[in-house]
Amino acid sequence: MPISLIPSRVFDTYREVTPQFLKERGITLLLSDLDFTLAPKSVPHPDQALRDWIAALAAEGIGFMIVSNNRSGKRVSAFCADLGVPYQGRAGKPSTKGLRAAMERAGAGPACTAMLGDKLLTDMLAANRAGVLALMVEPAGGAVTAWQKVLHALQGPFKRRAGT
């Protein structure tokens, strides 16, 4: 298991992760974090842009599942029900258990799976440890709190080492 914080690629937003980009890399399953990856934590319901993006993935045969560390299942289950997508809760990232459980549920292996997230210490580390393509986005809604701003700044050197 590689222990690396370096994402394979960094995007400004999830919308830049296109079905074509994923298909070119042999990805048939996209796992994604929820909070600050697909929407700010304060946003209770998915917007039309997110719905359209997930529909575009599905149209190209790419499965999608949310993998969240969220301690309360309420937010994740309500958001995913509204979106009509499955989720793996209490994933324990950077542990690989949540990613592996999601892949098993979807019938996919690491070689055809990618993980999309906004944090190095949870999402990218879990993805790299699980042997899946590690894709990072800038936090949706930006870094708001002082801690988020510090964390965002600390991630900079690792994000700059990502591929293009």
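A charge is taken to sit over a ring if NZ of Lys or CZ of Arg is within 6 Å of the ring centre and within 35 degrees of the ring normal. In this predicted model, Arg-15 lies over the face of Tyr-14, at 5.2 Å from the ring centre.

- Because Phe-11 belongs to strand S1 (residues 9–11) and Phe-21 to helix H1 (residues 19–24), the contact ties together parts that are ten residues apart in sequence.
- Phe-11 and Phe-21 are both buried.

**The pair Tyr-14 and Trp-53**

- With ring centres 4.8 Å apart and planes at 65°, Tyr-14 and Trp-53 also form an edge-to-face pair.
- Distant parts of the chain are linked by this pair, 39 residues apart: Tyr-14 is in the loop between S1 and H1, whereas Trp-53 is in helix H2 (residues 48–59).

**Burial of Tyr-14 and Trp-53**

- Tyr-14 has a relative accessibility of 3% and therefore counts as buried, the cut-off being under 20% relative accessible area.
- Trp-53 has a relative accessible area of 7% and is likewise buried.

**Ring cluster**

- Tyr-14, Trp-53 and Phe-64 are joined into a cluster by ring pairs.

Notes:
Residues are numbered from 1 along each chain as its sequence is written. This is a predicted model: local features need pLDDT of at least 70, side-chain atom pairs count only at pLDDT 80 or more; totals for chains, interfaces and linings use all residues. Side-chain values use heavy atoms; hydrogens and water are left out. Helices (H or I, at least four residues) and strands (E, at least two) are DSSP runs, numbered from the N terminus. Buried means under 20% relative accessible area, exposed over 50%, partly exposed in between (1.4 Å probe, protein chains only). Rings of Phe, Tyr and Trp (its six-membered ring) pair if their centres lie within 6.5 Å; planes under 30 degrees apart count as stacked, over 60 as edge-to-face and the rest as tilted.
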